[in-house]
Amino acid sequence: MDNIEELVKLVTQKVLEKLGEVPEIFDDLAKQIKVYGKKTEELALFLKEHDYVEGASIEASSGVVLTELTLERLIGISNMLPTTDEDREILDALLNKKPVFVLNGAKEYATLLQDSPYGMKAHVKSCEEQWVRFGAQFITIETKSTKTKTTSKAWTMEYLQKEVAKGVTVFEVEKGTIITPLAKDYIREQQLQLNYARKEE
């Protein structure tokens with residue numbers, strides 16, 4: 001560990017937790033979280049909403065947040081076969097029941113699966129479900145870039161795929177919008193959020 005003071009604080013905090021006492025000087029440790037991935041707008045909103053600060057090490061952090069999740073990492077950890085040090089740290093966090101959050105923009109493999117066979121999509125979905133069984137949470141943080149209000153009156157699967165590729169996960173549906181059956185299937189597969197707007201009269 002790089003920082004001895006952090007280690008001493010962490011050990012002291014754990015001992016005091018076992019005794020049932022947590023002094024205020026250690027409150028900042030409980031709100032540190034280890035970040036894997038790029039600094040994004042979603043991450044900033046997540047940290048602000050949940051009162052977390054970015055922690056320097058996994059040992060001193062109370063949890064993990066991922067802003068980037070590759071297909072290799074998803075499958076490796078779901079099979080409990082980490083391939084990198086970061087993967088091992090994430091798996092250790094899950095094994096130690098620390099919260100692990102995966103932000104909605106983290107799924108780097110989402111665009112790869114758009115034209116993939118159903119069997120591949122089902123396998124990836126089962127890997128995500130395994131993460132959830134391990135204790136991970138896939139969460140959606142709404143930013144300006146994840147919302148869209150469309151003027152299109154007919155939604156096709158192709159239209160939705162283009163919007164998702166841009167990072168949109170929440171759609172505002174106006175009255176009279178037609179959603180094709182393939183588009184409905186795509187919405188279910190990708191777990192897109194639809195907000196139905198009411199027109200003021």
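In helix 8 (residues 181-190), the buried residues include Ala183, Tyr186 and Ile187 (buried is under 20% relative accessible area, exposed over 50%, partly exposed in between, with a 1.4 Å probe and protein chains only). Looking down the axis of helix 8, the buried residues fall within an arc of 100°, so they line one face; the arc is taken from the directions from the helix axis to the C-beta atoms. This is a predicted model, with local features needing pLDDT of at least 70 and side-chain atom pairs counting only at pLDDT 80 or more, while totals for chains, interfaces and linings use all residues. Numbering runs from 1 along each chain as its sequence is written, and side-chain values use heavy atoms, with hydrogens and water left out. Helices (H or I, at least four residues) and strands (E, at least two) are DSSP runs numbered from the N terminus.

On the face of helix 8 turned away from its buried side sit the exposed Pro181, Leu182 and Arg188. As for the buried residues, they pack against strand 7 (154-155), helix 7 (157-165), strand 9 (178-179) and strand 10 (193-196), contact meaning heavy atoms within 4.5 Å.

Elsewhere, helix 4 (residues 71-78) packs on helix 6 (residues 118-134) at about 55°, their axes 9 Å apart. Axes here are lines fitted to C-alpha atoms, for helices over the stretch in contact, and angles run from 0 to 180 degrees between N-to-C directions. Helix 4 contributes Leu71, Arg73, Leu74, Ile75, Ile77 and Ser78 to the contact, and helix 6 brings His123, Val124, Cys127, Glu128, Gln130, Trp131 and Phe134.
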